[in-house]
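Subject: Structure for your review

Hello,

Here is the structure I said I would pass on. My notes on it follow below.

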Amino acid sequence: MTYGMALICGIMRIINVLHAGFIMFGGYFACTLFVYFGIDPLFSSIILIPIAFALGFSIHRVLLARLASVSMQMTLLLLFAIWLIAQNLALLVFTADPRMIASRLPYAFEIYLGDVGISFQRIVLLTSFILISFSTYILLNRTMLGKAIRGTSQDEEAASYCGINTKLIKDIAFGIGTVLASMFGALATVLYPIDPFFGTVFQFKAFVITVLAGMGSIIGVIVASMIIGAIESVAGFYLKFGLLDIVTYTMLLVILIIRPHGLFKR
Amino acid sequence: MYSKGVLKTSYIAIAVIVIIVIAAIAIYFTTIPAPTPTPTTPTLTTPTTPPKTSPPPTPTIPIPETIKVGAVVCLTGANARYGQYYATAYKLAADEINKEGGIYIKEYGKKIPIELIILDDESDREKTVKLVDYLCTEVKVVALLSGCGTPFIYPQSSVAIREKVPYLTAVISTETLLEGGKRKSPYLFSMLVMIDVLARNMMDLLKENIDKGVLPKPIKIANIWENTPHGLDWRRGIYEKVLEYPGYFEVVVDESVEVGATEFRPLLLKIEAAGANALMVDIRLTEMMSMHRQLVEMGIYGKYPVITYGARGGEKTFRDEFKDKSNYVIWGTFFSDRLPYPQIKSFIEKWKKFSDLPVEWYAAVGYENARIMFKAIEAAGSLDRDRIRDALQNIVVEDVMFPGQKISFDEFGMVHYPYLIVQNVPEGQTRIIYPPELAEATFIPIGK
């Protein structure tokens with residue numbers, strides 16, 4: 001999920017406030033396929049790839065690309081407006097009632113690592129997330145498309161002199177970001193109930209991780225996610241549970257003061 | 001200098017913004033209700049002859065054509081699900097009375113039909129205030145029925161207080177009615193029992209079962225509450241009983257949860273490490289589903305003889321998702337179709353004829369809310385807001401659908417009756433286990 005945000009931040013230099021909307025979209029997509037066709041979210045997240053890509057690509061091509069040259073504020077406002085529209089549409093269609101998917105994957109304890117028990121569902125999801133991360137890494141670092149994306153992210157003008165269609169690359173990058181957020185949304189339905197506000201909490205977390213990692217740093221995202229996860233787990237156990245968010249956001253504040261461009265900025 | 005393309009885009013953007021602003025202003029003014037709202041229940045039948053015991057006095061002022069009663073509810077937006085119930089229930093209650101010609105108003109010596117004005121705040125708190133203000137100052141309603149959900153009722157009540165309009169609410173958080181332990185306004189009433197009463201009732205149930213030897217003494221409680229006035233009320237109720245019954249309860253974990261929380265594993269680990277055997281939780285449905293999922297996932301469902309999520313636990317979503325892992329969870333409610341009251345049976349029949357919505361407690365609460373307000377208007381014998389307020393303060397209704405069947409308001413505008421505590425049992429069934437006089441079964445600890 002955070003990869004998507006990091007990718008979009010890195011290339012387009014915008015904070016994608018619509019990220020939560022894509023997470024929600026993925027969640028409801030998986031939920032609908034499960035209810036009507038019995039398709040498990042693991043598979044629906046794969047079906048989702050071309051649909052989410054087309055959605056992200058179109059949004060960027062039709063709406064964002066037109067405003068990108070005007071100002072970043074306009075782009076932010078537009079993304080925020082789309083997010084509100086999407087949220088209200090979800091309220092209209094799915095209502096505010098939380099929905100949950102009774103995945104066929106067993107969720108009681110299955111695997112023990114020493115004294116630590118991990119449910120089979122979490123193992124499968126973790127594996128999926130590792131696969132997605134690995135694929136994204138390969139795509140960005142071992143393919144021509146990845147090279148073009150990285151080139152555009154580093155210097156758009158220079159990339160265009162090299163013959164890269166930077167406009168198309170930005171459309172594609174936004175599409176990939178959308179796919180990553182939507183896939184996370186679909187897979188997360190296995191663990192969390194979904195409602196039209198689903199995604200907001202994750203979006204804030206993704207934002208903290210992206211800032212901590214350094215805008216656009218993909219490797220940094222992995223390390224920053226682990227740091228945040230570990231701190232939240234430890235703080236949740238030893239400190240007051242209600243103070244979790246304070247701990248996370250104080251850490252963000254400290255990082256911004258000490259290293260304003262994040263821990264892993266290239 | 002900007003290129004032509006950029007300038008063109010800027011002009012287009014400015015034009016779009018101007019159009020949106022004009023459209024928004026237009027929508028805003030068309031959304032604000034028309035100055036002459038039509039009654040939602042057009043059953044203006046010929047008034048029947050008033051009782052002969054009180055000869056009709058000659059009115060000196062014009063007799064109003066209708067009794068204007070208002071309600072602002074969420075018919076669209078996030079809270080629409082609940083708002084639909086309240087609106088439908090209000091209409092049902094008004095229709096019943098209008099079929100009889102309306103409410104007999106002694107001051108005018110005749111029955112006057114109710115004009116129920118229900119407006120949609122679109123689940124928007126700002127809009128809810130504007131609409132209640134409109135109802136009070138423009139439409140000049142004589143009384144207000146509540147919206148749905150504390151976040152909406154709280155701002156609505158501030159207008160009702162300012163305009164001195166009797167306002168009968170359906171809230172269970174004391175913050176709406178009280179300020180510094182004192183009643184905010186004599187115009188505010190709630191016909192639902194506050195959430196701290198549920199916490200106290202739950203604790204009474206536990207004590208009863210500790211005395212029977214069903215639960216250990218002292219029972220170790222993990223008290224988890226949402227960080228809202230609702231949660232704080234719950235927490236207060238728990239601690240009141242801890243102090244009242246020394247030696248019975250030991251609170252080993254006392255933690256708040258933020259609305260919107262998704263990960264509960266660190267908290268559940270802490271609860272497990274503290275050796276709790278009663279999980280007393282008051283959180284919203286979405287968080288409760290996540291928490292229970294993680295509880296089951298960690299394999300610790302079954303370790304706690306007592307699990308409650310306050311007023312949550314009977315929802316179809318919850319039962320369908322967790323099936324046998326939702327069994328023996330206990331929860332509190334005001335209304336159950338299992339109560340042996342004839343008025344409940346009659347209400348269910350009426351509701352099914354009137355609406356396609358399933359019978360849920362919101363429906364019963366909405367219906368009783370409107371019915372009690374209409375009774376108060378009749379008792380006042382006047383359409384004067386102060387006299388209606390006084391009548392509401394002194395009213396005693398003995399055929400309500402809630403436990404004990406009797407409602408009257410105390411000096412804080414609150415009602416007093418016990419919650420029904422219900423336990424989920426296998427095959428999607430439930431059993432009332434508290435209060436003792438209405439219990440169908442005894443409490444069964446989880447894992448027994």
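**Salt bridges**

Asp171(A) is buried, with a relative accessible area of 0% (buried means under 20% relative accessible area, exposed over 50%, partly exposed in between, with a 1.4 Å probe and protein chains only). Please note that this is a predicted model, in which local features need pLDDT of at least 70 and side-chain atom pairs count only at pLDDT 80 or more, while totals for chains, interfaces and linings use all residues. Residues are numbered from 1 along each chain as its sequence is written, chains are lettered from A and ligands numbered from 1 in the order in which they are written, and side-chain values use heavy atoms, with hydrogens and water left out.

The partner of Asp171(A) in a salt bridge is Arg61(A), with the closest N and O atoms 2.6 Å apart (a salt bridge is a side-chain nitrogen of Lys or Arg within 4 Å of a carboxyl oxygen of Asp or Glu). Arg61(A) lies in helix H3 (residues 41–68) of chain A and Asp171(A) in helix H8 (residues 166–188) of chain A, so the pair links distant parts of the chain, 110 residues apart (helices are DSSP runs of H or I with at least four residues, strands are runs of E with at least two, and both are numbered from the N terminus). Arg61(A) is partly exposed, at 34%.

In chain B, Asp133(B) and Arg162(B) form a salt bridge through their side chains (2.3 Å, N to O). Asp133(B) is in helix H3 (residues 125–139) of chain B and Arg162(B) in helix H4 (residues 150–163) of chain B, so this pair ties together parts 29 residues apart in sequence. Asp133(B) is partly exposed, at 25% relative accessibility. Arg312(B) and Glu315(B) form a salt bridge at 3.7 Å between the closest N and O atoms; Arg312(B) counts as partly exposed at 24%, and Glu315(B) as buried at 18%. A network of salt bridges links Asp196(B), Arg200(B), Asp233(B), Arg236(B) and Glu240(B). Over all chains the structure holds 33 salt bridges.

**Between the chains**

In the interface, 34 residues of chain A are in contact with 36 residues of chain B (contact means heavy atoms within 4.5 Å). About 3,000 Å² is buried between chain A and chain B, and carbon and sulfur atoms give 59% of that area (the accessible area, 1.4 Å probe, that two parts lose on being put together, summed over both). The rule finds 2 salt bridges across this interface. Glu263(B) and Arg122(A) meet in a salt bridge (3.4 Å, N to O).

**Cores and chain B**

The largest nonpolar core has 98 residues, and those with the most contacts inside it are Phe249(B), Met280(B), Ile372(B), Ile377(B) and Phe409(B) (a nonpolar core is a set of buried Ala, Val, Leu, Ile, Met, Phe, Trp, Tyr and Cys residues joined through side-chain atoms within 4.5 Å). Helix H11 (residues 361–380) of chain B gives the most to this core, with 12 residues. A second, separate core has 69 residues, including Met74(A) and Ile255(A).

Beyond its neighbours within four places in sequence, Ile372(B) is in contact with residues including Leu168(B), Met191(B) and Phe409(B). Chain B has 12 helices and 18 strands, and 56% of its 448 residues count as buried.

Regards
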